[in-house]
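Please read the points below alongside the model.

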Amino acid sequence: MSVTESVLERLRPDHAPALLAFERENRAYFAASVPDRGDAFFEEAGFAARHRALLDEQETGTILFHVLVAGDGGILGRFNLIDVDQESGSAELGYRVAEKAAGRGLATATVRELCIRAREEYGLSRLTAVTTLDNGPSRAVLARVGFGAVGSVTLPGDQPGTAYELDLGGSFGREWSGTDS
């Protein structure tokens, strides 16, 4: 799977088989830092129905799902904006990257790309994110992109975490986007 030839795409119906493979291949890796989704999530029929339901919900504009697709069509990561509120210009960012693609700067680059897209294409002005205290790589990605810690949270399973926020206005992104406006 080529990491350098990857592209961020809005979630589509034809992504379902590769997305299920991504989730199955990385189940144990993800469960080490976030609650496991349970066996039913990984069953083909249930996954297909959930995929269709997510696409239907995406049509409402309150969630914006994205996948990072490798040159061979495999999925390298999921990058989502949920609880999109056009009135306030805000959304919550969530993401997960395949174990075999971790540690290469892929999450940082893709989160940056999605932040720019959130501002320029979706008209958002503020993103939030949360992560567990023991998820150092995710905390590092958020810091590199410019998110600032804004408080403590308790995540599912009573896991302690940190809430983050990023203002997408002003000079956001200039240092790595190559633009002055």
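**Notes on a histidine and the aromatic pairs**

1. The side chains of H66 and Y122 make a polar contact at 2.8 Å. The model is a predicted one, and this distance is computed from its coordinates.

2. H66 sits in strand β2, which spans residues 64-69. H66 has a relative accessible area of 1%, and because buried means under 20%, H66 counts as buried.

3. Beyond neighbours within four places in sequence, the contacts of H66 include L8, E9, R10 and L11.

4. How many aromatic pairs does the structure hold? There are three. In one of them, F22 and F30 have ring centres 5.4 Å apart and planes at 55°, so this pair is tilted. F22 is buried at 1% relative accessible area, and F30 is buried at 6%.

5. F79 and Y95 form a stacked pair, with 6.0 Å between ring centres and 10° between the planes. F79 belongs to strand β3 (residues 75-85) and Y95 to strand β4 (residues 90-97), so the pair ties together parts 16 residues apart in sequence. Both F79 and Y95 are buried.

6. F22 and F30 belong to one aromatic cluster together with Y29.

Key:
Residues numbered from 1 in each chain as written. Predicted model: local features only at pLDDT ≥ 70, side-chain atom pairs only at ≥ 80, totals over all residues. Heavy atoms only, no water. Helix = DSSP H or I, 4+ residues; strand = E, 2+ residues; numbered from the N terminus. Buried < 20%, exposed > 50% of the residue type's maximum accessible area, 1.4 Å probe, protein only. Polar contact = N/O pair within 3.5 Å; in protein donor to acceptor, adjacent residues only side chain to side chain. Contact = heavy atoms within 4.5 Å. Phe/Tyr/Trp six-rings, centres within 6.5 Å; stacked < 30°, edge-to-face > 60°.
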